[in-house]
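Let's take a friendly walk through this structure together. Have the sequence and the 3D view open, and follow along one stop at a time.

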Amino acid sequence: MYLLSLDEVDWVKRMNHISSTSGLAEKTNVSRKTWTKALSTREPSALVLQALANLGARPEKILVLEQEAFVA
């Protein structure tokens, strides 16, 4: 299973001067509740992936295998 890379999400937030899920919601028109759920479960959805892509997320780094996520 693939999960969102929290490192990449943090990188995107820093690059866009975003400090919170509210900031993500304002910049992307994706609700704060959706961001909170996505970041807590790390389950990628098309809406969240597209929003991250629009903010400049690197495609090769936005998803990680579940096994790799627990090794780090």
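Thr28 touches Trp35, Ala51 and Leu55, leaving aside residues up to four places away in sequence. Keep in mind as you look that this is a predicted model. Thr28 belongs to helix 2, which covers residues 21-28. Is Thr28 buried or exposed? Its relative accessible area is 16%, and because buried means under 20%, Thr28 counts as buried. Its side chain also makes a polar contact with the side chain of Trp35, at 3.1 Å.

Now widen the view to the rest of helix 2. Gly23, Leu24 and Ala25 are buried there, along with Thr28. What covers these buried residues? The cover includes helix 1 (6-15), helix 3 (32-41) and helix 4.

The two ends of helix 2 deserve a look as well. After helix 2 comes Asn29, whose phi is positive, near 65°.

Next, turn to helix 3 and helix 4. Two packed helices are described by the angle between their axes and the distance between the axes. Here the axes come within 11 Å and cross at roughly 95°. Angles of 65 to 115 degrees count as roughly perpendicular, so helix 3 and helix 4 are roughly perpendicular to each other. Which residues meet where these helices touch? Helix 3 brings Thr34, Trp35 and Ala38, and helix 4 brings Leu47, Val48, Ala51 and Leu52. By class, this contact has six nonpolar residues, one polar residue and no charged ones.

Helix 4 itself spans residues 46-54, and Ala46 is found in it. With a relative accessible area of 65%, Ala46 is exposed. From Ala46 to Pro59 is 13 residues in sequence and 13 Å in space, C-alpha to C-alpha.

Finally, visit two loops. His17 lies in the loop between helix 1 and helix 2. Although His17 is not a glycine, its phi is positive, about 55°. His17 counts as exposed, at 76% relative accessibility. Arg42 is in the loop between helix 3 and helix 4. Arg42 also is a residue other than glycine with a positive phi, near 65°. Is Arg42 buried or exposed? At 17% relative accessibility, Arg42 counts as buried.

Terms used: Residues numbered from 1 in each chain as written. Predicted model: local features only at pLDDT ≥ 70, side-chain atom pairs only at ≥ 80, totals over all residues. Heavy atoms only, no water. Helix = DSSP H or I, 4+ residues; strand = E, 2+ residues; numbered from the N terminus. Buried < 20%, exposed > 50% of the residue type's maximum accessible area, 1.4 Å probe, protein only. Polar contact = N/O pair within 3.5 Å; in protein donor to acceptor, adjacent residues only side chain to side chain. Contact = heavy atoms within 4.5 Å. Axes fitted to C-alpha atoms, helices over the stretch in contact; angles between N-to-C directions. Parallel < 35°, antiparallel > 145°, perpendicular 65-115°, else oblique. Nonpolar A, V, L, I, M, F, W, Y, C, P; charged D, E, K, R; others polar.
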